[in-house]
Amino acid sequence: MKLITSLALASGLLLAVGGLARARRSAPDANPYFVYIVQEGDTLSDLAKKFFGDGEKWPVLLDAMPAKPQDPHKALPVGAVIQVPCIWVTVQKGDSLAKIAARVLGDAGRYGRIIAANKKALPDPNKVAVGQKLAVPKEAVPKEAPVVGV
């Protein structure tokens, strides 16, 4: 966890403050994940539902966790760092979160997952900027996942 925190701070990432921004992004060009800081009451199954749409996909979140919780329904320690697998998408002209969700996740209705992963970058989810890089949570991401222009 010390290495993850050091990498995140070296990349100039903003920490979540006051529960307003619950996720922070790793350097998109280098990592097929984004970093999530556990908030009070978070469980693995709740986070899996938020990011992947299915609480049963919680084992995906265990891969990069140094301490492996035994019960996915038990609250995680506040402040713990979780790496959430994702594909980085560069917003193109005419894109919306629903269009990105349709192309990357196969269903426009899954745009809420993109919002959950990009709280700080999307103060208004109805406004995305051309060139903006967004994390799109994916259960299975290739080890060398590139930034994808959608």
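Let's start with a charged pair: the side chains of Glu139 and Lys57 form a salt bridge, with N to O at 3.1 Å. Bear in mind that this is a predicted model. The pair ties together distant parts of the chain, 82 residues apart. Glu139 sits in the loop between strand 4 (133-137) and strand 5 (147-149), while Lys57 is in the loop between helix 2 and helix 3. Glu139 has 32% relative accessibility, so it counts as partly exposed. Lys57, at 27%, is partly exposed as well.

The salt bridge count comes to 3. Arg103 and Asp95 make another one, at 2.3 Å from N to O. Here the two partners fall into separate classes: Arg103 is partly exposed because its relative accessibility is 45%, whereas Asp95, at 13%, counts as buried because the cut-off is under 20%. Then there's Asp107 with Arg110, where N to O is 4.0 Å.

Now for the nonpolar side of things. The largest nonpolar core has 22 residues, and the ones touching the most other members are Phe34, Leu44, Phe51, Leu61, Ile82 and Val84. Strand 2 (33-37), helix 2 (44-52), helix 3 (59-62), strand 3 (81-90) and helix 5 (111-117) each put in at least two residues. Helix 2 gives the largest share, with 5 residues.

Val84 is a handy place to look around from. Leaving aside residues up to four places away in sequence, Val84 touches Pro32, Tyr33, Phe34, Tyr36, Phe51, Phe52, Leu61 and Pro137. A second, separate core holds 13 residues, among them Leu97, Leu105, Leu134 and Val136.

Conventions:
Residues are numbered from 1 along each chain as its sequence is written. This is a predicted model: local features need pLDDT of at least 70, side-chain atom pairs count only at pLDDT 80 or more; totals for chains, interfaces and linings use all residues. Side-chain values use heavy atoms; hydrogens and water are left out. A nonpolar core is a set of buried Ala, Val, Leu, Ile, Met, Phe, Trp, Tyr and Cys residues joined through side-chain atoms within 4.5 Å. Buried means under 20% relative accessible area, exposed over 50%, partly exposed in between (1.4 Å probe, protein chains only). Helices (H or I, at least four residues) and strands (E, at least two) are DSSP runs, numbered from the N terminus. Contact means heavy atoms within 4.5 Å.
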